Amino acid sequence: MTKKHLLKSIAALAACAPLLGWAAWPDKPIRMVVPYAAGGGADNTARVVAQQMSAALGQQIVIDNKPGAGGVIGEDNVAKAPADGYTVLYDASAFSVNPSLRKLPFDAAKDFIPVSLVATAPQILVVPATAPYKTVAEFLDFARKNPGKLSFASAGGGTGSHLAGEALNDQAKVNLMHVPYKGGAPALTDVMGEQVSSYFGNVASTLGYVKSGKLRALAVSSSKRVNGLPDTPTLAESGLPGYNVVEWNGVFLPKGTPADVVQRLGKAVQAAVNDPTVKQKLLQFGLEPAGSTPEAFAKFVQDETGRVSALVKARNIRVD
């Protein structure tokens, strides 16, 4: 091959590089937008997963916290970012909640490409340790016989704990009064102090109080039992078949991102989640490691968004 032909071949390959997507990607740091405050659950998990992904991809993944409006500010930032694989959204359950509760400056179903589910977070239905009911059946029986006397706390309107409580109301045909708090910590305090009757708390913040006897666990919200509470049944096992309400974390890209980049990023997420060290850290955070294909995650998000929409309508849920 002559020097002239060689230069033409190199030029042709360079021209094709943008079309190949993954062949040149990533060749610079990746920005991972977390639409929540630093130090929170999603942020902590994102940093653990991103570190492992950085090693696999050979490029640094820089966390960029953009909190506000229940995640909408950060989500909008990614929706309007170039679709080149260098801006990634690390989001949580709010992604499937916001379309039903907030006016959005983007179309959640069309402006993002689901990449991979990172983990799910079961919740524990807890009551004061001194409560007279010891099972879900007894709790619901008490609620039906004493209308207006039982309540459930939440970490705020539209949060996972709020939706889990409303899903219980809807399926069990009871009317536990919703008592919103500004965060999970004050909600837990008031349950222990018998100021409120119940609370759906995440494993990380709630399990210790159950183990110490300060709270009683009646059931878990997921379809499977929690490792730390093997003797505590699921709500589905407790007379509410099909009940499965979990919070989750996942990774998204802006619409228009090349398919090969989506697939490669998805494989990096899956590999990170399945790394033994990362998996152990996620379990310590009270999460159930997942890792999924883009196709499976897209179906998961679609199902979750539909479930939340139906619940919001059924229970007339609003946020301030």
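Is N169 buried or exposed? I looked this up first: N169 has 1% relative accessibility, so it counts as buried. My cut-offs are buried for under 20% relative accessible area, exposed for over 50%, and partly exposed in between, with a 1.4 Å probe and protein chains only.

Before going on, I noted that this is a predicted model, where local features need pLDDT of at least 70 and side-chain atom pairs count only at pLDDT 80 or more, while totals for chains, interfaces and linings use all residues. Residues are numbered from 1 along each chain as its sequence is written, and side-chain values use heavy atoms, with hydrogens and water left out.

**Around N169**

I found N169 in helix α6, residues 160-172. Helices (H or I, at least four residues) and strands (E, at least two) are DSSP runs, numbered from the N terminus. Leaving aside neighbours within four places in sequence, I listed F152, V174, N175, L176 and R315 as contacts of N169. Contact here means heavy atoms within 4.5 Å.

I then checked K173, in the loop between α6 and β7 (177-180). K173 is exposed, with a relative accessible area of 66%. Its phi is positive, about 60°, although K173 is not a glycine.

I located N316 in the segment after α11, and N316 is exposed at 52% relative accessible area. Next I looked at W25 and P26, which are joined by a cis peptide bond with omega of about -5°. P26 sits in the loop between α1 (3-20) and β1 (30-34).

**Helix α4**

How many of the eight residues of helix α4 are buried? I got six for α4 (residues 94-101), so this helix is largely enclosed by the rest of the structure. The buried ones are A94, F95, S96, V97, N98 and L101. I saw them pack against α3 (72-79), β3 (87-92), β4 (112-121), α6, β10 (247-254) and α11 (294-315).

**Helix pairs**

Two packed helices are described by the angle between their axes and the distance between the axes. Axes are lines fitted to C-alpha atoms, for helices over the stretch in contact, and angles run from 0 to 180 degrees between N-to-C directions.

I took α2 (residues 41-57) with α9 (residues 259-274): the angle is about 120° and the axes are 9 Å apart. That makes α2 oblique to α9. For the labels, under 35 degrees is roughly parallel, over 145 roughly antiparallel, 65 to 115 roughly perpendicular and the rest oblique. I noted V49, Q52, M53 and L57 of α2 meeting R264, L265, A268, V269 and A272 of α9.

Then I turned to α9 with α10 (residues 276-284), where the angle is about 75° and the axes are 5 Å apart. These two helices are therefore roughly perpendicular to each other. A272, V273 and N274 of α9 make this contact with P276, V278, K279 and L282 of α10.

**Domains**

Last, I wrote down domain 1 (30-121 + 246-315) and domain 2 (123-220), with bounds from an automatic or database domain assignment. Their contact takes 10 residues from domain 1 and 12 residues from domain 2. I read 28 Å between the two domain centres, taken over C-alpha atoms.
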